[in-house]
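Hi everyone, thanks for making time today. I'd like to walk you through a structure that may be new to you, so please have a look at it first.

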Amino acid sequence: MDLKGKSAIVTGGSRGIGRAICLKLAKLGADVAINYYPGLKEEAEELKKEIEKIGSRGYPIEADISKMDEAKKLIEQAVATMGKVDILVNNAGITRDSLILRMSEDDWESVLAVNLKGVFNCSQAVAKYMVKERKGVIINISSVVGLRGNIGQANYAASKAGVIGFTKSLAKELGSRGIRVNAVAPGFIETGMTQGFPQEYREKILKQIPLGRFGLPKDVASLVAFLASDEASYITGEVISVNGGIIL
Ligand code: NAP
């Protein structure tokens, strides 16, 4: 795989899976706009330095992607700085877990705003640019939970299932313009998002993973890099799982 000469934008790129994706794309030669949420500037600046050590360029850009105007500015700024954009990875995501009877309206709205509307905001802004260029790749990070559901995550599951429908629709709309759109559905990956799981719950999940371990951010990053590369030039509208074979 080779991404030399490509420019990528990764939302929520300063930590967790997003950070691993930024590093992997940079290792393969891409320049990377590292979107970070206000508050993670230091992590994004540190990642920029790491990317420079690899020999690529990193550009931290602050934006709350759940807000349309900020998402638009993110894409505009990335294009202005890097000169173009070939790859968008919609990675930013949050959880606000709760059983349905206790779930607040805010739990529902905030998760949908980041995980689903954020994907719409960034994809629409980047599509305007990619359609003119008649090429581009969009990769959306969904989840095993969006495919199979999970107790206490009705909001998260709805947002991630929504991302799958969105991905398949966009692939149909934009394919004729040379734009590929795919989704990646990770299982349980070792990041801040899963760190707080009680030990008992971790053990329960582990029993359901044939490969016997939680995933690592780099496991997801490898798949994203493949989909971003020309090696995947005939793949669009797919949802590809990276989950250790989990039986959820
Ligand atoms: P993480 O470590 O919590 O990282 C998520 C990133 O998104 C953080 O940098 C976060 O910034 C950022 N973010 C949140 N809201 C944002 C906003 N409005 N605008 C811009 N950035 C925002 O989680 P992760 O595990 O790496 O998750 C990455 C993606 O993979 C998410 O879409 C998640 O749903 C998905 N996923 C994760 C797992 C897993 O097991 N970890 C499994 C399946 C799918 P802050 O920290 O400042 O909020």
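One word before we start: when I say that two residues are in contact, I mean that they have heavy atoms within 4.5 Å. Please also keep in mind that what you see is a predicted model.

Let's begin with Thr 167, which sits in helix α6. Is Thr 167 buried or exposed? Its relative accessibility is 0%, so Thr 167 counts as buried. A polar atom of the Thr 167 side chain lies 2.6 Å from the backbone oxygen of Val 163. If we set aside neighbours within four places in sequence, Thr 167 is in contact with Asn 140, Val 181, Asn 182, Ala 183 and Glu 238.

One of those partners, Asn 182, is our next stop. You'll find Asn 182 in strand β6, which covers residues 179-186. Asn 182 is also at 0% relative accessibility, and therefore counts as buried. Which backbone atom does the side chain of Asn 182 reach? That would be the backbone nitrogen of Glu 238, at 2.9 Å. Not counting residues up to four places away in sequence, Asn 182 touches Ile 138, Ile 139, Asn 140, Thr 167, Leu 227, Ile 235, Thr 236, Gly 237 and Glu 238.

Ile 138 takes us to the nonpolar cores. The largest of them has 43 residues, and the members that touch the most other members are Ile 9, Ile 75 and Ile 138. At least two residues of this core come from each of β3 (58-62), α3 (68-82), α4 (105-133), α5 (144-148), α6 (154-174) and β6. Helix α4 gives the largest share, with nine residues. Apart from this core there is another one, of 34 residues, including Ala 8, Ile 34, Ile 51 and Leu 227.

Let's look at Ile 9 for a moment. Leaving out neighbours within four places in sequence, Ile 9 is in contact with Ala 33, Leu 74, Ile 75, Ala 78, Met 82, Val 85, Ile 87, Leu 88 and Val 89.

Now for the helix pairs. Helices α4 and α6 pack at an angle of about 15°, and their axes are 8 Å apart. That angle is why α4 counts as roughly parallel to α6, since the cut-off is under 35 degrees. The crossing of α4 past α6 is right-handed. Among the residues making this contact are Trp 108, Leu 112 and Phe 120 of α4, along with Tyr 156, Val 163 and Phe 166 of α6.

The other pair is helix α1 (residues 16-27) with helix α2 (residues 41-54), where the angle is about 20° and the axes are 9 Å apart. So α1 and α2 are roughly parallel to each other as well. Helix α1 passes α2 in a right-handed crossing. From α1, Arg 19, Cys 22, Leu 23, Ala 26 and Lys 27 meet Glu 46, Leu 47, Glu 50, Ile 51 and Ile 54 in α2.

I'd like to finish with Gly 5, in the segment before β1 (7-10). Buried or exposed, what would you say about Gly 5? Gly 5 counts as exposed, because its relative accessibility is 56%. Beyond its neighbours within four places in sequence, Gly 5 is in contact with Gly 29, Lys 84 and Asp 86. And from Gly 5 to Ser 143 there are 138 residues in sequence and 30 Å in space, C-alpha to C-alpha.

Notes. Residues are numbered from 1 along each chain as its sequence is written. This is a predicted model: local features need pLDDT of at least 70, side-chain atom pairs count only at pLDDT 80 or more; totals for chains, interfaces and linings use all residues. Side-chain values use heavy atoms; hydrogens and water are left out. Helices (H or I, at least four residues) and strands (E, at least two) are DSSP runs, numbered from the N terminus. Buried means under 20% relative accessible area, exposed over 50%, partly exposed in between (1.4 Å probe, protein chains only). A polar contact is a pair of N or O atoms within 3.5 Å; within protein, one must be able to donate a hydrogen and the other to accept it, and residues adjacent in sequence count only if both atoms are side-chain atoms. A nonpolar core is a set of buried Ala, Val, Leu, Ile, Met, Phe, Trp, Tyr and Cys residues joined through side-chain atoms within 4.5 Å. Axes are lines fitted to C-alpha atoms, for helices over the stretch in contact, and angles run from 0 to 180 degrees between N-to-C directions. Angles under 35 degrees count as roughly parallel, over 145 as roughly antiparallel, 65 to 115 as roughly perpendicular and the rest as oblique. A crossing is left-handed if the near helix is turned anticlockwise from the far one by less than a right angle, and right-handed if clockwise.
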